[in-house]
Amino acid sequence: MLLDDARRFGDALFDSYQEKDLDPHAFPDLALAAIEGSDLMSQLTQDGLQQIVTQAQELPRQRNSSASFGDPPVTLYNAPRESFYIEALYHTTASMAIHDHSFSGAFAVVSGECAHQIFDFFSDDPQGSLMVGELQPRPAQHFSAGKMHPIVNGMRFIHRNVHLDKPTITVVI
């Protein structure tokens with residue numbers, strides 16, 4: 001079953017992460033390598049996600065059920081020590097939200113197409129909870145199924161994914 005495959009994938013990634021002493025700077029590369037070396041992403045179809053939600057006897061603890069990304073987001077795996085989790089996001093709207101992340105990891109487009117755009121942020125304000133500055137967009141990239149990208153926490157990676165297909169399915173680690 002798909003959740004068993006997600007658990008095996010997550011356990012193997014956690015083992016690799018432990019070998020790096022849970023170094024958050026190493027995690028994006030580990031997550032990308034895990035995605036590249038797995039066939040899990042090809043199983044995360046619309047039907048596969050619907051089957052998980054409707055037929056699984058027990059789902060992993062859902063981490064973002066009230067999140068604004070994903071319609072809905074589905075947590076597939078929770079790592080020990082809450083060091084990371086794996087989530088499938090089912091997108092039915094384009095979503096133009098520019099955002100950063102509080103974690104490092106990776107994301108992959110599983111099905112559908114996105115226009116992905118990274119932004120650089122410039123500010124003279126000291127770093128804090130509220131900063132005024134300028135966002136400068138980089139050229140947008142076309143992401144289709146199989147495309148992956150690292151996620152680096154904070155303002156080092158500000159981006160948006162405009163979901164061109166409905167649905168688009170992405171996986172975030």
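The following questions and answers look at aromatic pairs and a pocket in a predicted model. Local features need pLDDT of at least 70, side-chain atom pairs count only at pLDDT 80 or more, and totals for chains, interfaces and linings use all residues. Residues are numbered from 1 along each chain as its sequence is written, and side-chain values use heavy atoms, with hydrogens and water left out.

Reader: What is the angle between the planes of Phe-27 and Phe-84?

Author: Rings of Phe, Tyr and Trp (its six-membered ring) pair if their centres lie within 6.5 Å, and planes under 30 degrees apart count as stacked, over 60 as edge-to-face and the rest as tilted. A search of the whole structure finds five aromatic pairs. In the one formed by Phe-27 and Phe-84, the centres are 5.0 Å apart and the pair is tilted, with an angle between the planes of 35°.

Reader: Is Phe-84 buried or exposed?

Author: Buried means under 20% relative accessible area, exposed over 50% and partly exposed in between, with a 1.4 Å probe and protein chains only. Because Phe-84 has a relative accessibility of 4%, Phe-84 counts as buried.

Reader: Which residues do ring pairs link into a cluster with Tyr-17?

Author: Tyr-77 and Phe-84 form a tilted aromatic pair, 5.9 Å centre to centre. Taken together, the ring pairs link Tyr-17 into a cluster with Phe-27, Tyr-77 and Phe-84.

Reader: How many charged residues are in the lining of the second largest pocket?

Author: Ala, Val, Leu, Ile, Met, Phe, Trp, Tyr, Cys and Pro count as nonpolar, Asp, Glu, Lys and Arg as charged, and the others, Gly among them, as polar. By these classes the lining of the second largest pocket has six nonpolar residues and two polar ones, while the number of charged residues is three.
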